[in-house]
Amino acid sequence: LCVNVSFNMFPDAGSKVANDKNLRLAIEWAIDKEGITNTIMGKTASVSYGFATPLYGDYNPEWEKEDNGYDIEKAKAYLAESDYVKNGSPTLVIMTESNEVKTKAAQMIQNYCKEIGINMEVKTADTALFDNYKYDFSEWDLKIDNNGNRVSLAALYSNFLPLPIQATTEFRQASMVFRKVT
């Protein structure tokens, strides 16, 4: 199982995080990825940053240097530099499929964000509805999905075409993956 958290990078669809890199970084630093991994998936899980792990044929080890760990003070500093409060502290929507692991992950992310002052609503849907919502970018700001289960990044990105290259690059850089080794 792979639990991938992605940011909606489409401002024209109403994303509240797309144009605010400091808000995305605040969220990234606010989330204890190791904590989520250990709490929900146990000791057989590991944290992977971006869409890939070393199991991917086209994995680049340099991505490991991009790690945005868990640091509440950094998260608060990025939030202070963001436009979030100036924009009225809108409630962000984190969308996920209705299953125990993903719902718990979404609730933990919601709580971590609340600690630094970010309002977040968890929105769940059954599999069929979720598969529709995940491509309706007006429905969510963050999304939890299984996208990291593909065999290569090229295969993964082909599922999102015709995304602009800039959005796909940012999409990879702005995602957190929690992978359970089975």
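Q: Which are the buried residues of helix α3?
A: In α3 (residues 72-81), Ile 72, Ala 75 and Leu 79 are buried, meaning under 20% relative accessible area with a 1.4 Å probe, protein chains only, while exposed means over 50%. This is a predicted model, where local features need pLDDT of at least 70, side-chain atom pairs count only at pLDDT 80 or more, and totals for chains, interfaces and linings use all residues. Residues are numbered from 1 along each chain as its sequence is written, and side-chain values use heavy atoms, with hydrogens and water left out.

Q: Why do the buried residues of α3 line one face of the helix?
A: Because they fall within an arc of 60° seen down the axis of α3, the arc being that of the directions from the helix axis to the C-beta atoms.

Q: And which exposed residues are on the face turned away?
A: Glu 73, Ala 80 and Glu 81.

Q: What covers the buried residues of α3?
A: The cover includes α1 (21-30) and α4.

Q: Switching to α2 and α4, at what angle do they pack?
A: Helix α2 (residues 33-41) and helix α4 (residues 100-116) pack at about 145°, with axes 10 Å apart. Axes are lines fitted to C-alpha atoms over the stretch in contact, and angles run from 0 to 180 degrees between N-to-C directions.

Q: What classes of residue make the contact of α2 with α4?
A: There are 8 nonpolar, 2 polar and 1 charged residues. Contact means heavy atoms within 4.5 Å.

Q: Is Ala 45 buried or exposed?
A: Ala 45 counts as buried, at 13% relative accessibility. Ala 45 lies in strand β2 (residues 45-49).

Note on methods
Helix = DSSP H or I, 4+ residues; strand = E, 2+ residues; numbered from the N terminus. Nonpolar A, V, L, I, M, F, W, Y, C, P; charged D, E, K, R; others polar.
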